[in-house]
Amino acid sequence: MASVASPSGHGALMDSIYRRQRHFYDLTRKYYLFGRDTMIAGLDCRPGMRVLEIGCGTGRNLDLIGKAWDGVDLHGLDISQEMLETARRRLGDNARLALGDATDFDPLALFGTETFDRVVISFAVSMIPQWRAAVTHAATLLAPGGSLHVVDFGDFSGMPGLFRTIMRSWLRRFHVTPRRDLIAHGWAAAKGFGYVPQAVRGRFGYFRLLILHRPVQ
């Protein structure tokens with residue numbers, strides 16, 4: 001398992017949040033982190049493909065990706081050493097995991113490769129202060145024919161106003177801020193890189209799925 005020195009600042013904050021939460025994280029998050037399984041089902045992986053999850057947390061998504069898409073080569077990055085401990089227990093030798101900052105990590109140093117066929121970010125951009133830099137950096141890691149898949153909270157526009165207010169207030173307690181311009185940033189990044197963008201809106205605007213496809217040539 002690759003690693004780097006423990007990040008300060010945001011990494012320390014994430015460790016403080018998840019030191020205890022990691023033990024029951026997956027049990028609680030299944031009731032409100034909708035859209036993750038939709039993302040996994042749409043990855044369209046083939047055996048031998050390199051898959052990286054940025055903000056892999058407990059390893060829940062990587063575990064399901066490995067089960068859904070047989071023969072893929074799994075990689076995970078997280079800024080929280082606490083979460084990586086849980087992910088290592090879950091995944092064992094089935095994935096290569098590393099500690100690092102989503103905005104500027106060196107994939108060659110951490111994973112021995114510069115590009116990936118699929119890069120996924122699941123409900124992490126809403127917790128990354130410099131989230132635009134993280135999404136842009138992730139886009140640079142795509143191999144020709146690869147794709148970036150980012151799922152996170154939407155604007156809840158199809159839900160009653162009181163629910164939206166309560167939901168946003170509750171998320172703030174966990175340092176979560178839905179990124180209203182995620183899709184706009186994705187479209188701009190796609191234009192800059194020459195990628196093909198795609199967006200999926202979850203029911204009632206609860207989640208959004210951004211996909212950037214890098215052409216083969």
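Hi everyone, let's start at one strand pair: β2 (residues 73–78) and β3 run parallel and are joined by 5 bridges. Strands here are DSSP E runs of at least two residues, helices are H or I runs of at least four, and both are numbered from the N terminus. Two strands count as paired if DSSP finds at least two bridges between them.

A quick word on the source: this is a predicted model, where local features need pLDDT of at least 70 and side-chain atom pairs count only at pLDDT 80 or more, while totals for chains, interfaces and linings use all residues. Residues are numbered from 1 along each chain as its sequence is written, and side-chain values use heavy atoms, with hydrogens and water left out.

Back to our pair. His75 sits opposite Arg96 of β3, and Asp78 has Leu99 as its bridge partner in β3. Of the 5 residues in β3, 4 are buried, meaning under 20% relative accessible area with a 1.4 Å probe, protein chains only; exposed is over 50%, and partly exposed lies in between. Together, β2, α5 and β3 form a right-handed β-α-β unit: with the strands pointing away from you, the path from the first strand over the helix to the second runs clockwise.

Now zoom out to the sheet. What is the order of its 7 strands? It reads β3-β2-β1-β4-β5-β7-β6, in an open sheet with mixed pairing. β3 and β6 (196–201) are at the edges with a single partner strand each, so one side of each has no neighbour in the sheet. From one strand to the next, the twist averages 15 degrees.

Helix α9 (residues 182–193) packs on this sheet, touching β5, β6 and β7, and its direction makes about 5 degrees with that of β7. Helix α7 (residues 131–139) lies across β1 (50–54), β4 (116–122), β5 and β7, at about 155 degrees to β5. For these angles, axes are lines fitted to C-alpha atoms, for helices over the stretch in contact, and values run from 0 to 180 degrees between N-to-C directions.

Finally, Thr103, in the loop between β3 and α6 (107–111). Is Thr103 buried or exposed? Its relative accessibility is 16%, so Thr103 counts as buried. Beyond its neighbours within four places in sequence, Thr103 is in contact (heavy atoms within 4.5 Å) with Ile128, Gln130, Ala133, Ala134 and His137.
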